[in-house]
Structures are given as C-alpha cells and as structure tokens.
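Please consult the sequence and the structure shown below while reading.

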Amino acid sequence: KPLQQDRCCLKDSAKTPVALSPRKPKNMAFIIGAQKSGTTFLFDELVKRHPHIKSREIKEPGRINDEKEAHYFNMLPLPNAERYIQAFENAANTQNTTLTFIDGTPDYMHTPSAACRIAGAFPEAKLIVLLRDPVARALSHWNMFRVFGGKKGFEEEVGDELAMMRKKGCSFELPPTLAGSISSSPSADAVELANEVQWKRDKRIPSYNACFRCTFGRCGTLKRSEEGSVSCVLDEFPLLGYVRRGLYAYQLEWWMKFFSEDQFLILNQEQMEKDPEFVIKKAITFLGQDPNLLAPPEDLDASNLISGRGSSVVKGFHKKNASGWSLPMRDKNATQVYARAIEDLYRYFAHPNQELYALLKTLKVAANGWTGEFPKEPKNKSGTEDNDEDE
Ligand SMILES: Nc1ncnc2c1ncn2[C@@H]1O[C@H](COP(=O)(O)OS(=O)(=O)O)[C@@H](OP(=O)(O)O)[C@H]1O
C-alpha cells in the first residue's frame with residue numbers, strides 16, 4: 001500500500017537507515033504483539049524448531065529477550081541500524097530467499113509510528129499478531145511490572161490511565177446510554193444506534209493514531225526528531241499502556257493502512273494455549289515455510305518448571321527465569337483483590353471488543369481459528385497449586 005502522508009510516519013519511515021540498506025533481510029517477518037499474548041513462546045518455537053526461520057544473534061545480549069525483541073522501529077531517536085542488520089547477519093545470510101528472518105517486538109503493535117517505519121523498510125513484511133483477552137493481558141502486564149519492582153496496585157494503574165485517556169478524549173468508550181442499548185437489545189433500534197455510534201467514532205472520536213501519535217519509546221522529553229517533524233506523546237500517555245495496548249481493533253485498523261490483509265496472520269493466545277502445535281504450524285505456513293520441517297517440541301528440563309504437570313508444551317508456560325514466559329502472579333489474591341477493577345475493565349473493553357469482532361469478521365479470521373469471543377474471566381491464577389513456588 002502507498003505510505004500514508006502523516007507527520008509521524010512518512011518522512012521518518014522513508015528515511016530509516018534500515019529502509020535504505022541493501023543488506024536488510026530479503027524475507028522479513030514480525031511478531032508485532034500484543035505484548036503478554038504468548039509472543040515469546042511462539043517466537044521461540046518458530047526459531048528453535050524450524051531450520052529456515054532465523055532470529056537475530058547477539059554476541060552479548062543485554063536483556064533476556066534481546067534476540068527476540070529488537071525494539072528498533074518503536075524508538076526515538078532510532079537505534080543503531082548497523083546493529084539491527086548485523087544481528088540478523090550473525091544468524092545467516094540475509095539475502096538468502098529461502099530463509100525467513102523474524103523480529104518479535106510486541107511493542108510495535110501499539111506504536112503507530114512503528115507501522116509506518118516497518119512499511120517503509122519492509123513493504124512486503126509478514127506480520128503475525130497474537131491477540132489475548134485485553135483484561136487478562138493487562139493483568140499479566142501489570143504483574144510483570146510488579147515482579148520487576150512496580151509498586152502501584154492494578155486498580156490504581158488502570159484508573160490513572162483511564163482518567164488520562166478520558167481527559168484527552170481518547171478513551172474509545174461509548175456514552176453509557178448508547179453502550180447499554182447496544183449490549184442489551186439486538187433490535188432494529190440497536191442496529192441504528194450502532195450505525196450512529198460508528199458515525200460518531202468516524203466523525204467525533206479521534207482515531208488511534210490521532211490519540212497515541214507516535215508513542216515512541218525512550219524519547220524522554222524529546223518533542224521533535226532531527227528533521228523537526230515528529231512529536232512524542234509519552235509525556236501525556238504512559239508508555240506502559242495497560243489499557244491502551246488492549247485496543248486491538250483500532251491498532252489493526254491503523255496497521256491496515258500500510259499493509260494489505262494477506263500480510264497479516266491474526267492468532268489468538270487462548271487457542272495457542274489449547275493447541276500450540278496447530279498454531280505454530282499455521283504460523284509456519286503463513287511465513288511460506290514448510291511445516292514438515294518443524295522439529296518436535298523440545299523436552300523441557302523439569303528443574304526449570306514451576307509445575308511438573310501437563311504436556312511438555314503446556315509446561316513451557318511455567319518456565320522460570322525468562323520475562324517473556326509466565327511469571328507467577330506476585331500478589332496471590334490479585335484476581336480477588338482487584339475484582340472490581342477487572343469488572344470495570346471488562347465493561348470498558350465491551351465496545352472495543354465488539355469493534356474487534358466486527359473487524360475480524362470482515363477479515364474472515366474466525367475461519368482460521370479465532371473463536372470470536374474472549375473468555376469471560378481471566379484465568380484465575382491466584383492461590384492455585386501452580387503458584388506455590390512464587391518467588
Ligand atoms: N503456549 C502458550 N500459549 C498461550 N499463552 C502462553 C503460552 N506460553 C506462554 N503463554 C503466556 O503468555 C504470556 C507471556 O506473553 P509474552 O511472551 O507475549 O510476554 S512478553 O510480551 O514477551 O513479555 C504469559 O501470560 P501470564 O502467565 O498470564 O503472565 C504466559 O503464560
């Protein structure tokens with residue numbers, strides 16, 4: 001698709017050094033998100049078990065997920081392009097067209113400028129999207145930051161973010177009267193209302209990009225890029241974005257301005273939990289690789305596992321010592337303590353989720369394994385035996 005004319009995107013994306021490099025990988029794929037949706041698991045399985053799918057290789061990784069998460073296209077100023085490309089070259093010949101190179105940075109999906117920059121550098125890119133119940137995603141995200149030293153409770157974090165979004169007119173909520181009529185009465189009136197709501201959204205409620213323009217990481221107080229064209233909104237909206245990151249429909253609509261439908265594979269974390277092999281093979285086929293070359297799942301070392309039960313792949317959930325895998329819920333009773341916040345968030349996401357289901361329907365994603373409905377409740381991870389070895 002032609003690049004959008006947008007001050008966040010066009011100049012910047014056309015100019016990224018990666019876009020201009022003849023050494024950039026020929027076949028490039030991305031797992032763009034969503035964060036906390038099983039992206040590490042999928043990435044690891046693809047790279048470790050398929051001989052033609054290559055991640056970056058870094059001599060001295062600085063962070064646990066360094067090889068998976070390049071964090072190149074969501075940064076301002078842009079990180080070192082040489083380092084980005086070299087890391088793929090360390091793994092294999094980037095010009096070899098039988099290989100797929102993959103960058104699994106879940107921060108890309110909610111960062112509007114990442115879409116434009118990737119489109120500028122890799123217009124033919126294949127994009128894998130994992131979706132997860134946004135409330136469960138938010139809780140998992142909050143838990144990760146608790147484990148890393150975050151102090152605030154879930155209710156406070158989510159409350160602050162929602163208040164900020166409402167203040168800026170970017171909450172993506174419906175007025176309560178409209179929200180009520182739509183969810184409770186599937187009548188002709190409701191359909192009319194839905195149209196009106198659509199109209200309202202088109203005309204009155206700003207788009208995802210209008211609200212979260214750019215959302216670069218690491219930009220601090222920087223307001224303009226070197227060419228003076230890019231502003232950064234991090235000071236307004238917190239980077240963590242427990243709520244914002246769950247607004248999948250609006251993010252996908254934005255990405256679809258830059259890439260055609262057949263460049264996306266939209267998967268579902270809940271389905272991957274139930275049938276990981278099916279999802280992994282689907283991703284391999286989508287990447288144009290042969291699923292028959294997939295090696296069998298690795299036997300996990302029991303000493304790495306919190307729970308010794310379940311199939312080896314399911315055990316992988318409980319692997320310790322890697323931030324991208326499951327981190328035991330730090331506050332054991334979190335789902336009870338934050339029951340009210342969880343309920344509020346389900347109410348908040350009711351409309352954005354409806355928008356997502358409608359979008360997925362138009363993309364015919366249901367036929368590919370998406371159930372069309374998120375589970376009603378997040379997995380209850382508090383007080384179960386699996387959490388007994390909480391650190
Ligand atoms: N196979 C499989 N299927 C479905 N879900 C899985 C799988 N493996 C891991 N997980 C769960 O994914 C959560 C971590 O997601 P990410 O790897 O995307 O996290 S991160 O963004 O890289 O930090 C994390 O969720 P929580 O346990 O709720 O925190 C993992 O349990």
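## The sheet

Two strands are taken to pair if DSSP finds at least two bridges between them; helices (H or I, at least four residues) and strands (E, at least two) are DSSP runs, numbered from the N terminus. The structure is a predicted model, in which local features need a pLDDT of at least 70 and side-chain atom pairs count only at pLDDT 80 or more, while totals for chains, interfaces and linings use all residues. Residues are numbered from 1 along each chain as its sequence is written.

Five strands make up an open sheet with parallel pairing, in the order S2-S3-S1-S4-S5. Its edge strands are S2 (53–54) and S5, each of which pairs on one side only. Strand S1 (residues 28–33) runs parallel to S4 and is joined to S4 by four bridges; here isoleucine 31 stands opposite isoleucine 128 of S4. Strand S4 (residues 126–131) also pairs with S5 in the parallel sense, over five bridges, and leucine 131 faces asparagine 268 in S5. Strand S5 (residues 264–268) is mostly covered, with four of its five residues buried. A residue counts as buried if 20 or more other C-beta atoms lie within 10 Å of its own, as exposed if 12 or fewer do, and as partly exposed in between, with C-beta atoms placed from the backbone.

## The nonpolar core

A nonpolar core is a set of buried Ala, Val, Leu, Ile, Met, Phe, Trp, Tyr and Cys residues joined through C-beta atoms within 7 Å. The largest such core has 79 residues, of which Phe30, Leu42, Ile118, Ile128, Val129 and Ala283 touch the most other members. Helix H16 supplies the largest share of this core, seven residues.

Two residues are in contact if their C-beta atoms, placed from the backbone, lie within 7 Å. Apart from neighbours within four places in sequence, leucine 42 is in contact with Ile31, Leu130, Met272, Ile280 and Ala283.

Helix H7 (residues 154–167) has 14 residues and reaches 20 Å from its first C-alpha to its last. This is close to the 20 Å expected at 1.5 Å a residue, the expected span being 1.5 Å times one less than the number of residues. Its buried residues are Phe154, Glu157, Val158 and Met165. Seen down the axis of H7, these fall within an arc of 90°, so they line one face of the helix; the arc is that of the directions from the helix axis to the C-beta atoms. Their cover includes helices H6 (134–147), H15 (334–337) and H16 (339–362). The face turned away from the buried side carries the exposed residues Glu156, Ala163, Arg166 and Lys167. Just after H7, glycine 169 adopts a positive phi of about 70°.

In helix H13 (residues 276–286), the buried residues are Pro276, Val279, Ile280, Ala283 and Ile284. Viewed down the axis of H13, they fall within an arc of 140°, so they line one face of the helix. Exposed Phe278 and Thr285 lie on the face of H13 turned away from its buried side.

## Confidence of the prediction

The pLDDT, which is the predictor's confidence in each residue from 0 to 100, averages 77 over the protein, and 69% of the residues score at least 70. Over residues 178–187 the pLDDT is below 50, and this stretch has 13 contacts in the model beyond near neighbours in sequence. Residues 320–324 also have a pLDDT below 50, with twelve contacts beyond near neighbours in sequence. For the complex, the predictor gives an ipTM of 1.00 and a pTM of 0.85.
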